[in-house]
Structures are given as C-alpha cells and as structure tokens.
Amino acid sequence: MTLSHLTDNTFVGIDVGGAGLDVAWHRGDSAHYANRPDAIATLVERLRTGPEVTRIVLEPTGGYEKPLVKALRQAQLPVEVIHTTRFNAYRALVGVKAKSDTSDARLLASYAAAPDEIRGRKAGHVELPEDAIREALSELAGRRDQLKHMIHAETCRLGTVRLSELRQAITAHLEALRAEDKQVHRMMLELVRQRIDLRRDQRLLKTIKGIGVKSALGLLASVPELGRSTTKRQPHSSVLLHSSAKAAP
C-alpha cells in the first residue's frame, strides 16, 4: 500500500514543550496534552488504538521529548525525531513564516506525510535505537553550545563595561564558564573512549580537512547516524560523509 492510499490522520506531528505537547493529525484533529507521564500515556493509548499510524514526527527539544519518545517506542509506534535544521529547511520550502505551537504541530504532521524525497529520507536511512551513551553525549554537546553563547555574551559585555567591580565580576564569571566548558569537553571525550564505534568514528571524522577534536565530538553528538548508512560497500569515511550530508537540509 502506498502512502497515497492512506488516510490523512495516519500522519501525526507533535510539538514538544517543557510543560505541554501540541499534537496535530495531518488535515485532521489537533489536541493538547500535558508533558507528564499520565498525559503521555493517554496520548499513546489514543495513537495505539485509533487508525493505524504511519508516521509520527517531532523535534528534539533539549530532552523534554525523551519521555514521550520512549513511551511511543515502547508502544511500537513509528516515531521519527527530526533534526531542527531539517525541519527549518522544510518550513522554508513550504513558505511558512509564522511560528506557534499549533502551527508547528501541523507543519510537523505535514512533514510526516511528505514523500521521502521531500523529507530527505533515502533508502539507506537508519532509525537508531535508544543509546544511553549517545544521549549523554548529545546532552553534553547541548551544554557546550549554551556555554559558548554565554562566553560570547560575557566577552562582549567585558568590552563595554568600565566599572572595575563589574569587570572583575564578569572576568570571574568568564573564568568559571571556560572551566566548565573544559570539564564538559573532558566528559565528552571520556564517553567516546568507552565505545569502540565512537572512537572509530571520531578518528575517521578527524581525517576530514577542517574537522578537529571539538568538531568531531559535535558531529558525533548531533548526527548519531554517522557511519550507519546501509548503502553499498564504500570506504567507511565515504559512508560517514554520505550520512552526514543526508542529515543536513
């Protein structure tokens, strides 16, 4: 059966927030659920017992999506977590500028219903199972991004402040932020050292011109499908590049 023969409400988009979940069925209903275990269970039961779901799509939101994703997978529902850059590219493609929780849920449902060519999913795409180490690596990478922005902001402030007491306070804050950044970097390296596959992928990524240790760690955290393409026999470094290109919009 092709997707064109499926009913519209088999495609679902979920916009995840810290407090709530906005759910939309492609060209169908919409609903709001609290982002807590009992409400997630109610939503999962509705999806499980209703018309057969072809695809559920949501964006990662700094970890707020994890309980929902876990519950959907445990119920064997077809959930796909898409990278924000891919979703933003789809938003630009269809010409949607306004952003709201409800509109994002409907746009995610529209993305779920789009053909594979539009969604950028090739035959070699692999949906990865839960992986505690990769999840931890992703969280640490998110923290490094936060620290980078805070360091940049404080550095800019230091360039404009003249009061010595404030300069001392900002300088001390910068030192603390940079120390935490180094600590997070060490934690990421330690996670990579625990796994043969992560060490291998990091080593291969560093052979690519312009990619150093920090960039390789960032790619391992943000593009977990690296090295897992199922395309024909290729040198592993080619597979990594191929997979990375697919993950970008």
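**Reading the sheet and its surroundings**

Mentor: Strands β1 and β2 pair in the antiparallel sense over five bridges. The model is a predicted one, in which local features need pLDDT of at least 70 and side-chain atom pairs count only at pLDDT 80 or more, while totals for chains, interfaces and linings use all residues. Residues are numbered from 1 along each chain as its sequence is written, and side-chain values use heavy atoms, with hydrogens and water left out.

Trainee: What does pairing require, and how are the strands defined?

Mentor: Strands of a sheet pair through backbone hydrogen bonds, either parallel or antiparallel. Two strands are taken as paired if DSSP finds at least two bridges between them. Strands (E, at least two residues) and helices (H or I, at least four) are DSSP runs, numbered from the N terminus. Here β1 and β2 form a hairpin with three residues between them. Within this pairing, aspartate 15 has aspartate 22 of β2 as its bridge partner, and valine 16 stands opposite leucine 21 in β2.

Trainee: Which strand is joined to β1 by four bridges, and in which sense, parallel or antiparallel?

Mentor: That strand is β4 (residues 55-58), and the two run parallel. Glycine 13 stands opposite valine 57 in β4.

Trainee: In what order do the five strands of the sheet lie?

Mentor: The order is β3-β2-β1-β4-β5, in an open sheet with mixed pairing. Its edge strands are β3 (30-34) and β5 (79-81), each of which pairs on one side only. On average, neighbouring strands of this sheet are turned by 20° against each other, direction ignored; the axes are lines fitted to C-alpha atoms, for helices over the stretch in contact, and angles run from 0 to 180 degrees between N-to-C directions.

Trainee: How many residues of strand β1 are buried?

Mentor: In a regular strand the side chains alternate between the two faces of the sheet. Burial is judged by relative accessible area: under 20% is buried, over 50% exposed, and in between partly exposed (1.4 Å probe, protein chains only). Strand β1 (residues 11-16) has six of its six residues buried. Both of its faces are covered, with Phe11, Gly13 and Asp15 on one side and Val12, Ile14 and Val16 on the other.

Trainee: How is an aromatic pair read?

Mentor: A pair of aromatic rings is described by the distance of the centres and the angle of the planes. Rings of Phe, Tyr and Trp (its six-membered ring) pair if their centres lie within 6.5 Å; planes under 30 degrees apart count as stacked, over 60 as edge-to-face and the rest as tilted. This structure holds one such pair. The rings of tyrosine 90 and tyrosine 111 have centres 5.2 Å apart and planes at 85°, so the pair is edge-to-face. It links distant parts of the chain, tyrosine 90 being in helix α3 and tyrosine 111 in helix α4 (residues 101-113), 21 residues apart. Tyrosine 90 is buried at 6% relative accessible area, and tyrosine 111 is buried at 0%.

Trainee: How many salt bridges are counted?

Mentor: A salt bridge is a side-chain nitrogen of Lys or Arg within 4 Å of a carboxyl oxygen of Asp or Glu. By this rule the count is 13. One of them joins glutamate 180 to arginine 143, with the closest N and O atoms 2.8 Å apart. This pair links distant parts of the chain: glutamate 180 belongs to helix α7 (residues 164-193) and arginine 143 to helix α6 (residues 132-158), 37 residues apart. Glutamate 180 is partly exposed at 30% relative accessible area, as is arginine 143 at 27%.
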